Amino acid sequence: MTSPPPRPATWVLKAVMAVTGTVLVVFAVVHLVGNLKIFLGPEQLDGYAHWLHEDLLAPLVPHGWFIWIFRAVMLAALLAHVAAGVVLRRRARVARGPHRRQGLRGLRSFQARSMLVTGTVLLLFVVFHVLDITTGTRPAATDAFVPGEAYANIVSSFQRPAVAAFYVLAIGVLTLHLAHGLWSVVNDLGATGRRLRATGAAVAGVVGLLVLVGNLLIPVAVLTGVVA
């Protein structure tokens, strides 16, 4: 009789969560910086999108390969992050038993308890965002979608109030998830000093706020006609 394969240790899963979460946060920040080029006009944003999809790392890799390598890495990080999170949540429930831990209060407690929910919302948003802006798949995308025209596609998408509202909601959820996730990274990677933990919490809060404000500027600018 063969024995079942060994389960990943909890510390391994937490390390996976920390590393993949950091990768996803870096992506969110870089993605935001690129998207803010929308305020510089269509030539700047479309030129950046073309460079990202076609020319980045060429001729080290063939033209157009980088974006697919990047997508594969991000998808692997996302799947590993989700899988580790689900397993850790299940183990925590089993360890806690029928009794909920008492005494946890405040925003950080809410963020910790809602990480699975906020993560699920973000996963659904990512799927919608890709269908809307990247692939132009209807009904997520508008009839005006044109491949390669990032500026026009973003504007036409956010001119729909329901989509803009969903985006604002998703960015708020992202901020909660990201801020608590970054704070957790400091703990999961072994930080024990009070000053280091306080610094980690401050960095998490600042990064979360920057991601929130920066991302909200875009749909607001489109809806108010500042970007058109």
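**Figure 1. A cluster of aromatic rings.** In this predicted model, F125, F128, F158, F166 and Y167 are linked by ring pairs into a cluster. A search of the whole structure finds seven aromatic pairs.

**Figure 2. The overall chain from which the close-ups are taken.** The protein chain contains eight helices and zero strands, and read from the N terminus its elements follow the order α-α-α-α-α-α-α-α. Of its 228 residues, 35% count as buried, while the accessible surface comes to about 14100 Å², with 71% of that surface belonging to carbon and sulfur atoms. Among the contacts with a separation of 6 or more, 69% are made by residues 24 or more positions apart.

**Figure 3. The tilted ring pair of F27 and F70.** Among the seven aromatic pairs found in the whole structure, the rings of F27 and F70 have their centres 5.6 Å apart and their planes at 45°, so this pair is tilted. Because F27 lies in helix 1 (residues 10–35) and F70 in helix 3, the pair ties together parts that are 43 residues apart in sequence. F27 counts as partly exposed, at 31% relative accessibility, and F70 is likewise partly exposed, at 28%.

The next view turns to another ring pair.

**Figure 4. The ring pair of F125 and F166.** F125 and F166 form an edge-to-face aromatic pair, with 5.7 Å from centre to centre and 70° between the planes. The pair links distant parts of the chain, since F125 belongs to helix 5 (residues 115–134) and F166 to helix 7 (residues 161–188), 41 residues apart. F125 is buried, with a relative accessible area of 11%, whereas F166 counts as partly exposed at 28% relative accessibility.

Figure 5. M74 is found in helix 3, and at 12% relative accessibility M74 counts as buried. When neighbours within four places in sequence are left aside, M74 is in contact with V23, L24 and F27; the C-alpha atoms of M74 and F27, which are 47 residues apart along the chain, are separated by 8.5 Å. L78 is also found in helix 3 (residues 65–96), but L78 counts as partly exposed, at 23% relative accessibility. Leaving aside neighbours within four places in sequence, L78 is in contact with L24 and L123, and L78 and L24, though 54 residues apart in sequence, are 7.5 Å apart in space from C-alpha to C-alpha.

**Figure 6. The packing of helix 6 against helix 8.** Two packed helices are described by the angle between their axes and the distance between the axes. Helix 6 (residues 150–158) and helix 8 (residues 194–223) pack at an angle of about 75°, with their axes 9 Å apart, and the two helices are therefore roughly perpendicular to each other. In this contact I154, V155 and F158 of helix 6 meet I218, P219, V222 and L223 of helix 8. By class, the residues of the contact of helix 6 with helix 8 are seven nonpolar, no polar and no charged.

**Figure 7. The packing of helix 2 against helix 6.** Helix 2 (residues 42–55) and helix 6 pack at an angle of about 110°, with their axes 7 Å apart, and helix 2 and helix 6 are therefore roughly perpendicular to each other. P42, L45, D46 and A49 of helix 2 make the contact together with A150, Y151 and I154 of helix 6. The residues of the contact of helix 2 with helix 6 divide into six nonpolar, no polar and one charged.

Definitions and conventions:
Residues numbered from 1 in each chain as written. Predicted model: local features only at pLDDT ≥ 70, side-chain atom pairs only at ≥ 80, totals over all residues. Heavy atoms only, no water. Helix = DSSP H or I, 4+ residues; strand = E, 2+ residues; numbered from the N terminus. Buried < 20%, exposed > 50% of the residue type's maximum accessible area, 1.4 Å probe, protein only. Contact = heavy atoms within 4.5 Å. Areas by Shrake-Rupley, 256 points an atom, 1.4 Å probe, with all protein chains shown as cover. Axes fitted to C-alpha atoms, helices over the stretch in contact; angles between N-to-C directions. Parallel < 35°, antiparallel > 145°, perpendicular 65-115°, else oblique. Nonpolar A, V, L, I, M, F, W, Y, C, P; charged D, E, K, R; others polar. Phe/Tyr/Trp six-rings, centres within 6.5 Å; stacked < 30°, edge-to-face > 60°.
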